[in-house]
Amino acid sequence: MSDRTAGIAVPAARTRERTLSVTNLAGEFHAPSLQDFYPPAVLFEGTPFELDRLMLIRILMSVVLLAVMLLAFRSPRLIPRGLQNVAEYGLVFVREQICDEILGKESGRKFFPLIATIFFTVLFLNFSSIIPFLNISSNARIGMPLVLAVIAYLAFNYIGIKKYGFWKYMRSSIVVPNVPPAMHVLLIPIEFISTFILRPFTLTVRLMANMLAGHIMLVLFFSATQFFLFEGAAWMKGLSPFSLVGGFAFTLFEMLVIFLQAYVFALLTAVYIGLAQHADSH
């Protein structure tokens, strides 16, 4: 899915094309803008398959994820070590702390592949934000968060419809039992919007906004350091250590956010699946 059609329209004519990256801010200090997340096309410009820098990062990190998993389990050992040990630890975390915790062991085992795929996809795509020379999370643009949210949305609605049938699932999801009939006029629209509109919307925006804000903060810290040292007045050089330390500190915080966003996205997917499975217990 193209971010240009899924997200915010970008003007065709721009006076300056640039990618919001620490390495590209040399020689000037400017405030980041939303247009910086729409760099010029690298391949297939003007076609539905147009690829820019962020799309290439998505592809790269997806390939890295597949390579890590294939290498980890190419010849699995009974007693894991090395990369297999790390990969198994991550899979066990998703299974025990998300799937089994939210869905129970039986349902958790059934939906583990979906939830684990979402968790590791979000995690690896986020991780590019702190990798040198990449310096951006492709989840900071709406396309990929929207795709993942749509997958989660289709999954939990399919599960609910398969179990209850379409009309019973809809009724169970939006009709609150044991309330005065007159209250349904107010509650049914609220429940419908909450269940079928706000869930995919909040999944998308939460992930995109957190990664976008984190990346902008990192760029501001490190580009300010570069500006203070090489472009600013002499008295500004004394400010550079503070912005540099702030940048490294925020990088550590960003590492926490990278994991938390993957965890929250996968956790909420599991929660929504659980709610769909028990829609009649509204």
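**View 1. Asn135 is buried, with a relative accessible area of 13%.** This opening close-up, like the others here, comes from a predicted model. Asn135 sits in the loop between H3 and H4. The backbone of Asn135 is worth a look too: its phi is near 55 degrees, a positive value in a residue other than glycine. For context, most residues other than glycine have a negative phi.

**View 2. Phe133 is found in the loop between H3 and H4.** Is Phe133 buried or exposed? With a relative accessibility of 68%, Phe133 counts as exposed, whereas Asn135 is buried. Phe133 is not a glycine, yet it has a positive phi of about 75 degrees.

View 3. The protein has 282 residues, of which 43% count as buried. Take the contacts between residues at least 6 apart in sequence: 67% of them join residues at least 24 apart. The protein exposes about 15,400 Å², and 71% of that is supplied by carbon and sulfur atoms.

**View 4. H3 meets H4.** How do the axes of these two helices cross? The axes of H3 and H4 come within 11 Å and cross at roughly 170 degrees. An angle over 145 degrees counts as roughly antiparallel, and H3 and H4 are therefore roughly antiparallel to each other. On the H3 side, the contact is made by Phe111, Leu114, Thr121, Val122 and Leu125. Facing them from H4 are Met144, Leu148, Ile151, Ala155 and Ile159. Sorted by class, the residues of this contact are 9 nonpolar, 1 polar and no charged.

**View 5. The largest nonpolar core has 51 residues.** Which residues have the most contacts inside this core? They are Val94, Ile98, Ile115, Phe119, Phe120 and Phe265. The elements giving two or more residues to the core are helix H2 (53-72), helix H3 (83-127), helix H4 (143-164), helix H5 (166-174), H6 and helix H7 (240-277). H3 gives the most, with 15 residues.

**View 6. Helix H5 and its cover.** Tyr169, Met170, Ser172, Ser173 and Ile174 are buried in H5. The cover over the buried residues of H5 includes H4, H6 and H7.

**View 7. H5 crosses H6.** The axes of H5 and H6 come within 8 Å and cross at roughly 110 degrees. That angle makes H5 roughly perpendicular to H6. From H5, the contact uses Tyr169, Met170, Ser173 and Ile174. From H6 come Leu187, Ile188, Glu191, Phe192, Thr195 and Phe196. By class, this contact has 7 nonpolar, 2 polar and 1 charged residues.

**View 8. Thr225 lies in helix H6, which spans residues 184-231.** Thr225 counts as buried because its relative accessibility is 7%. What is Thr225 in contact with, leaving aside its neighbours within four places in sequence? Look for Ser240, Ser243 and Leu244.

Definitions and conventions. Residues are numbered from 1 along each chain as its sequence is written. This is a predicted model: local features need pLDDT of at least 70, side-chain atom pairs count only at pLDDT 80 or more; totals for chains, interfaces and linings use all residues. Side-chain values use heavy atoms; hydrogens and water are left out. Helices (H or I, at least four residues) and strands (E, at least two) are DSSP runs, numbered from the N terminus. Buried means under 20% relative accessible area, exposed over 50%, partly exposed in between (1.4 Å probe, protein chains only). Contact means heavy atoms within 4.5 Å. A nonpolar core is a set of buried Ala, Val, Leu, Ile, Met, Phe, Trp, Tyr and Cys residues joined through side-chain atoms within 4.5 Å. Axes are lines fitted to C-alpha atoms, for helices over the stretch in contact, and angles run from 0 to 180 degrees between N-to-C directions. Angles under 35 degrees count as roughly parallel, over 145 as roughly antiparallel, 65 to 115 as roughly perpendicular and the rest as oblique. Ala, Val, Leu, Ile, Met, Phe, Trp, Tyr, Cys and Pro count as nonpolar, Asp, Glu, Lys and Arg as charged, and the others, Gly among them, as polar. Accessible areas come from the Shrake-Rupley method with a 1.4 Å probe; for residues, only the protein chains shown count as cover.
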